[in-house]
Amino acid sequence: MANLLKVDLDIVAWITDYLTDRPQFVRLQSSLSDVAVSNTGSPQGTVLSPFLFTLYTSDFRYNSGTCHLQKFADDSSIVGCITEDNYEEYSGLVQSFVRWSEANHLLLNTSKTKELVVDFRRNKKPPTPITIQGNEVEVVEVYKYLGVHINDKLGWADNTEALYKKGQCRLFFLRRLRKVGAIV
């Protein structure tokens with residue numbers, strides 16, 4: 001894969017060294033746990049982790065006139081435009097992604113997987129349920145993706161409300177800090 005992506009072999013060696021034989025332990029005050037050596041995954045919260053995940057998943061891509069896979073770090077979304085109740089390409093892409101994930105040892109958290117259906121037709125029919133690894137995916141009216149609240153009407157009310165609440169929360173803390181003299 002390194003040659004395919006034109007990654008310098010020294011960088012590949014450095015990343016391999018970074019990801020293998022990593023000692024891990026837990027420190028709680030003056031107590032230390034036993035040391036465990038890890039050879040899987042990357043340390044959570046590091047700057048390199050999203051890049052490595054993107055590199056690891058770069059071979060699964062999909063983009064057609066009606067469906068595409070949108071990836072950002074470890075968040076993946078499948079977007080499909082379904083016309084005339086033809087769910088074949090969309091459901092096929094979902095199942096293809098599930099198979100690829102299993103083959104590449106990536107665990108899908110089906111409890112966090114949601115489906116947002118935008119349907120402007122007058123005579124709406126309930127969507128065909130998507131099933132992943134035996135679990136039916138929950139259909140939601142609002143979903144937060146990369147910090148933006150998207151609703152099934154493609155309106156801005158849910159996102160605006162969330163931003164308003166976030167702003168009010170931050171203003172509350174600023175007022176409290178000013179009250180105790182921490183800021184002017």
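Here is a short tour of a predicted model, with stops at ring pairs, cysteines and a surface patch.

**Stop one: aromatic rings.** The structure has 5 aromatic pairs in total. Select tryptophan 14 and tyrosine 18 to see a stacked one, with ring centres 5.8 Å apart and 10° between the planes. Both belong to helix α1 (residues 9-19), where a spacing of 4 residues puts about one helical turn between them. Tyrosine 18 is partly exposed, at 23% relative accessible area.

Next, pick phenylalanine 60 and tryptophan 100. Their planes meet at 45° and their centres are 5.5 Å apart, so this pair is tilted. Phenylalanine 60 sits in the loop between α2 (48-56) and β5 (67-72), while tryptophan 100 is in helix α3 (residues 88-103), so the contact ties together parts 40 residues apart in sequence. Phenylalanine 60 is buried at 9%, and tryptophan 100 is buried too, at 12%.

**Stop two: the cysteines.** How many disulfides are there? The count is 0. Select cysteine 67 and cysteine 81: their sulfurs are 8.2 Å apart, too far for a bond, since a disulfide needs them within 2.5 Å. Cysteine 67 is buried, at 1% relative accessible area, whereas cysteine 81 is partly exposed, at 46%.

**Stop three: the surface.** Show Val118, Phe120, Val148, Ile150, Leu154 and Trp156, which make a nonpolar surface patch of about 600 Å². Zoom in on leucine 154, in the loop between β12 (148-151) and α4 (157-179). Leucine 154 counts as exposed, at 52% relative accessibility.

Conventions:
Residues numbered from 1 in each chain as written. Predicted model: local features only at pLDDT ≥ 70, side-chain atom pairs only at ≥ 80, totals over all residues. Heavy atoms only, no water. Patch = residues over 30% accessible without salt bridge, like charges linked within 9 Å, V, L, I, M, F, W, Y side chains within 5 Å. Areas by Shrake-Rupley, 256 points an atom, 1.4 Å probe, with all protein chains shown as cover. Salt bridge = Lys/Arg side-chain N within 4 Å of Asp/Glu carboxyl O. Helix = DSSP H or I, 4+ residues; strand = E, 2+ residues; numbered from the N terminus. Buried < 20%, exposed > 50% of the residue type's maximum accessible area, 1.4 Å probe, protein only. Phe/Tyr/Trp six-rings, centres within 6.5 Å; stacked < 30°, edge-to-face > 60°.
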